[in-house]
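Please look through the structure below before reading the notes.

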Amino acid sequence: MATLVIILNTLEVDPGRVWKAPWRWYHEEMLTCCLPPDALKKGIVLDQFVSIAKCNGLNVELHRATENESARTFREVVAHATRKEPHHGIIAVSFARSALRQTGGGHFSVIAGYHPDREMVLLLDTARFKYPPHWAPLGRLWKGMCDIDEDTQLPRGYMLIRREDGWEANLTEAPATKGSKTSGPQEVVTDIQEERSYAEALKIFVVSDAAWQVRSLMSSRTP
């Protein structure tokens, strides 16, 4: 779920809710649509990832690592996507950690870079307590994507994800979560006004603080 949060925030999708005032950013607890209550603890499968992404305004091209796909095609997609700005498409992969000689089972990650000479991809691993962002061999990653998910009996794969044009958050039905609040259309306007007021207050504080420092400096130089 953290991987999907990274993608939503990178593509600047508005959740229509305040995360921590005054900012409206996605958090894992907001992604509760289409999911059973224990999904955040148990994890999700590839099809659920796609469904949640679409529910939150993303366009998803799903490619399973089957006979119709190949490592060469995947390499070309990675090379193209990592040369472009994020809004042209972000690649998220579902793979078995064992293929990279890591502990754990199935995992999702964003591909943030590609080194063609060394055939390595940069994975933004979200389990920072285990693995920081790291480079991994593309061939081994592909092998991990070919792994059969025990829950679905289907191979894993990768997704090319973009922001859906013209999508707007459902402001009237979005469920409230701990630490956030649901915003209706009028509340969103109020939130924006509060953000601007906060920014203006911060600007005044910074200017005032700078003026005070200049005054103090000048006073200290007075004989």
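1. Helix α2 makes the largest contribution to the lining of the largest pocket, with 4 residues. Helices (H or I, at least four residues) and strands (E, at least two) are DSSP runs, numbered from the N terminus. A pocket is an open set of points on a 1 Å grid over the protein atoms alone, where a 1.4 Å probe fits, with protein on both sides within 12 Å along at least five of seven lines; lining residues have an atom within 4 Å of a point.

2. This is a predicted model, in which local features need pLDDT of at least 70 and side-chain atom pairs count only at pLDDT 80 or more, while totals for chains, interfaces and linings use all residues. Residues are numbered from 1 along each chain as its sequence is written, and side-chain values use heavy atoms, with hydrogens and water left out.

3. The largest pocket holds about 720 Å³ of space, a volume being the space filled by probe spheres set on the points, which are joined across faces, edges and corners. Its lining has 30 residues, and Lys42, Gly43, Ile44, Gly106 and His107 are the closest to the centre. At least two lining residues each come from α1 (2–10), α2 (39–42), β3, β4 and β7 (148–149).

4. Six strands form an open sheet: its 6 strands follow the order β2-β9-β3-β4-β5-β6, with antiparallel pairing. Two strands pair if DSSP finds at least two bridges between them. The edges are β2 (58–64) and β6 (134–137); each has a single partner strand, so one side of each is without a neighbour in the sheet. Between β2 and β9 (residues 157–163) there are 7 bridges, and arginine 64 is opposite glycine 157 in β9.

5. Which strands does helix α4 (residues 71–81) lie across? They are β3 (90–96), β4 (106–115), β5 (120–124) and β9, and α4 runs at about 65° to β4. Angles run from 0 to 180 degrees between N-to-C directions, with axes fitted to C-alpha atoms, for helices over the stretch in contact. Contact means heavy atoms within 4.5 Å. Phe74, Val78, Ala79 and Ala81 of α4 are buried (under 20% relative accessible area; exposed is over 50%, partly exposed in between; 1.4 Å probe, protein chains only). The cover over the buried residues of α4 includes β3, β4, β5, α5 and β9.

6. Arginine 101, in the loop between β3 and β4, has a positive phi near 60°. Arginine 101 counts as exposed because its relative accessibility is 70%.
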